[in-house]
Amino acid sequence: MCSPPAKALDAVFAESVDLAINHVDTVAGYDFNHGVDYEKLLASYKYSGFQSTNFGLAIEEINRMIDKRKEQLQTESIQEEDEFIRIKTNCTIFLGYTSNMVSSGLRETIRFLVQHKMVDCIVTTAGGVEEDLIKCLAPTYIGDFYLKGSDLRDQGLNRIGNLLVPNSNYCKFEDFLTPILDALVDEQTSKGIVWSPSKIITRLGEEINNPESICYWAAKNKIPVFSPALTDGSFGDQVYFHSYRKPGLVIDIAQDIRRLNSMAVKAANTGMVVIGGSLIKHHICNANLMRNGADYAVFINTAHDFDGSDAGARPDEAVSWGKIKKEATPIKINADATLIFPLLVAETFAKQVLKVF
């Protein structure tokens, strides 16, 4: 009888290292024979592999932020005249999200965090501000990804994925915004106020006066909302039209970069929770560069890194720039945030607020 070639045997039966000796976790999913227990189901994700494991690691990373946040802050760290950027806890948490997150039902999850002061600073797009305010004036509707654009245009309906926003919603936003723009120009002239995007957003949160709004709670809890591209949306459209009727409004972005970067520089520790990519992700990361990197970070998006985009970049790329500390344990979840983020909040921030352990 012939023996198999030794070369083949060596290739197929290569000796393994003993992973158990190194205490490496084993793969195991949730067993529904034990009943339907959602807490145990979510806890099992860490050991299920792929993005489920990243989800479990993200829970641990956010809980590390929260634990650090509970530690006593040294009094000398909190001296700051500007209440909005005053360092209030031992871990300053920066929350970033794109406009589509607010168009979706994630708005309520984000509002919960802001309402209960679980974050200290927000960076979002123009749509992340205006979609929040518009929802206080009129609803967004569930549609379909495959509704025909030309038909929707004829009906005055705007599609955001499988969501629909009537043009009339933006007309209501114009009615809300125009007198505020008038007041901003008047106060700029009479009081010498220099408006920045974050100061305008605070004013909008005060004016909307609706507890369903993220901006309302941010203003009430003195949490700054930065939007360096505030004119890139319906707000910008209204500023454009308003400039013909009552010109002169100046929006200063320089003072906002000073405010944002100061929060990072003066913070005892920092954590980043970023939903989506592009401007909001980079703006938060770049602020943390000013302190040689964030201590904690969780990114959630569906972008990939093969094209060199900042949105798709893995956290380790940010380490190379000094935007995340070398010793940090950042996590990226490659997933639709509308599926993942409410579950992540349920296992972290919500338990702290509701005292569910």
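**Exercise 1.** Over the ring of which residue does the charged end of K323 sit?

*Solution.* The model is predicted, with local features requiring pLDDT of at least 70 and side-chain atom pairs pLDDT 80 or more, while totals for chains, interfaces and linings use all residues. Residues are numbered from 1 along each chain as its sequence is written, and side-chain values use heavy atoms, without hydrogens and water.
Step 1: the criterion is NZ of Lys or CZ of Arg within 6 Å of the ring centre and within 35 degrees of the ring normal.
Step 2: the charged end of K323 lies over the ring of W321, 4.7 Å from its centre.
Step 3: K281 is placed over the ring of F299, also 4.7 Å from the ring centre.

**Exercise 2.** Classify the ring pair formed by Y30 and F32.

*Solution.* Step 1: rings of Phe, Tyr and Trp (its six-membered ring) pair if their centres lie within 6.5 Å; planes under 30 degrees apart are stacked, over 60 edge-to-face, and the rest tilted.
Step 1: six aromatic pairs are found in the whole structure.
Step 2: the centres of Y30 and F32 are 4.9 Å apart and their planes stand at 85°, so this pair is edge-to-face.
Step 3: buried means under 20% relative accessible area, exposed over 50%, and partly exposed in between (1.4 Å probe, protein chains only). Y30, at 16%, is therefore buried, whereas F32, at 52%, is exposed.

**Exercise 3.** Describe the surroundings of F349.

*Solution.* Step 1: F349 is buried because its relative accessibility is 1%.
Step 1: leaving aside residues up to four places away in sequence, F349 touches I62, I66, I93, L113 and M118; contact means heavy atoms within 4.5 Å.
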